[in-house]
Amino acid sequence: MDEHKTKLFIVIPTVNEEKAIGDVLDRCRKAAEELRMSYERIVVDGKSKDRTREIAEERGATVIVQEGKGYGDALKLGFDYAASRSEEGIVVMLDGDNTYLPEEMPTLIQPILEERADIVIGNRFAGLKPGSMRCLNRVGNRLLTTLVNILFGVSSSDSQSGYRALTLSSLRKIKLREKGMPFASEMLIKAKKAGLRLLWVPISYDRRIGKPKLRPIKDGIAILWLYLKLFPRYGRTTARVLTALLIALAVVAALYG
Ligand SMILES: Nc1nc2c(ncn2[C@@H]2O[C@H](COP(=O)(O)OP(=O)(O)OP(=O)(O)O)[C@@H](O)[C@H]2O)c(=O)[nH]1
Ligand SMILES: [Mg+2]
């Protein structure tokens, strides 16, 4: 892929991120300019009650107002906008809370430009800064990552990472429906099934500025529910066969045991 011809769409979902969004957008502009790619920064804002939208507009970003709610819903709006603007291109998604480093964008984009991957995901465990990920989130992430690997054959090292780069053409091959936080896992599961090349690269993860929107227990359960929903259709064949055998054994045991 030729970086001089490829357009870069940087999609940032936000709700009340006035303390961080200005800095995130400035750093994204600098990173994109250094990459010498034509780019557009797209902030998809939920129902922010602070100055997030004004700051984003002042910084020259395209601001999309999200009528509904949810992290996945916001990203999907941003992806659809990008797809409506260009046939080909690369989408980068990251949070508006100063946790991910825009300076590390080349690490995510390079494998796509070199046509070694279709979706590149940052692995935060390679560079966690003190206080950046709460203990419960860390344990939950490990559990969800292990499960998605076993059940769906995704070789993930950080399944919940929100720093990703993907081609518009790969996005067109998968239909993403999840409106909330499970969106991140849905993308991995469906991309794997569609035969897309997923690649994890080491990134840093800084302490958040502003209040978290993630609710670890509620969102964790929603992600487990997504795994259950998708398993019959998208699960690994061996895992599905084993599950069917176990169910059959349980039925036989219940009838004749
Ligand atoms: N537009 C929109 N953005 C959202 C919504 N929920 C979360 N976000 C944004 O999505 C990004 C990710 O949410 P976070 O609260 O940072 O969740 P997280 O990164 O998993 O958790 P932290 O480690 O605490 O940052 C942030 O920029 C949020 O402002 C939503 O419903 N709509
Ligand atoms: Mg975040």
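In which helix is Gly78 found? Select Gly78 in the viewer: the residue lies in helix H3, which spans residues 71–85. Please note at the outset that the model shown here is predicted.

**First stop: Gly78**

Keep Gly78 selected and display its surroundings. Gly78 counts as buried because 22 C-beta neighbours lie inside 10 Å, and 20 or more are required for that description. Leaving out residues up to four places away in sequence, Gly78 touches Val11, Ile42, Val44 and Ile64.

**Second stop: the nonpolar core**

Next, select Leu8, Ile10, Val11, Ile42, Val91, Val92 and Ala165. These are the residues with the most contacts inside the largest nonpolar core, which has 63 residues. Two of the names, Val11 and Ile42, were also among the residues touched by Gly78. In soluble globular proteins, nonpolar side chains tend to be buried together. Now centre the view on Leu8. When its neighbours within four places in sequence are set aside, Leu8 is in contact with Ala32, Met37, Tyr39, Gly89, Ile90 and Val92.

Select residues 183–193, which form helix H7. Is this helix mostly covered or mostly uncovered? Helix H7 is mostly covered, with ten of its eleven residues buried. The buried residues include Phe183, Met187, Leu188 and Ile189, and also Glu186, Lys190 and Lys192. To see what covers them, show helix H3, strand E5 (119–123), helix H5, helix H6 (168–171), strand E7 (198–202) and helix H8 (216–234), which are included in the cover.

Two packed helices are described by the angle between their axes and the distance between the axes. Begin with H5, residues 135–152: the axes of H5 and H7 come within 11 Å and cross at roughly 20 degrees. The two helices are therefore roughly parallel to each other, and their crossing is right-handed. On the H5 side, the contact is made by Leu144, Val148 and Phe152; on the H7 side, by Ser185, Leu188, Ile189 and Lys192. The residues of this contact comprise five nonpolar, one polar and one charged.

Then turn to H8. H7 and H8 pack with their axes 10 Å apart, at an angle of about 15 degrees. That angle makes H7 roughly parallel to H8, and H7 passes H8 in a right-handed crossing. Select Ser185, Glu186, Ile189, Lys190 and Lys193 of H7 together with Ile223, Leu226, Leu230 and Tyr234 of H8 to display the contact. Here the division is five nonpolar, one polar and three charged.

**Last stop: two positive phi values**

Most residues other than glycine have a negative phi. Select Arg36, in the loop between helix H1 (21–35) and strand E2 (39–45). Phi of Arg36 is positive, near 55 degrees. Arg36 is exposed, because 9 other C-beta atoms lie within 10 Å.

Finally, select Asn98, in the loop between strand E4 (90–93) and helix H4 (105–113). Phi of Asn98 is also positive, near 70 degrees. Is Asn98 buried or exposed? With 21 C-beta neighbours inside 10 Å, Asn98 counts as buried, whereas Arg36 is exposed.

Conventions. Residues are numbered from 1 along each chain as its sequence is written. Chains are lettered from A and ligands numbered from 1 in the order in which they are written. This is a predicted model: local features need pLDDT of at least 70, side-chain atom pairs count only at pLDDT 80 or more; totals for chains, interfaces and linings use all residues. Axes are lines fitted to C-alpha atoms, for helices over the stretch in contact, and angles run from 0 to 180 degrees between N-to-C directions. Helices (H or I, at least four residues) and strands (E, at least two) are DSSP runs, numbered from the N terminus. Angles under 35 degrees count as roughly parallel, over 145 as roughly antiparallel, 65 to 115 as roughly perpendicular and the rest as oblique. A crossing is left-handed if the near helix is turned anticlockwise from the far one by less than a right angle, and right-handed if clockwise. Two residues are in contact if their C-beta atoms, placed from the backbone, lie within 7 Å. Ala, Val, Leu, Ile, Met, Phe, Trp, Tyr, Cys and Pro count as nonpolar, Asp, Glu, Lys and Arg as charged, and the others, Gly among them, as polar. A nonpolar core is a set of buried Ala, Val, Leu, Ile, Met, Phe, Trp, Tyr and Cys residues joined through C-beta atoms within 7 Å. A residue is buried if 20 or more other C-beta atoms lie within 10 Å of its own, exposed if 12 or fewer, and partly exposed in between; C-beta atoms are placed from the backbone.
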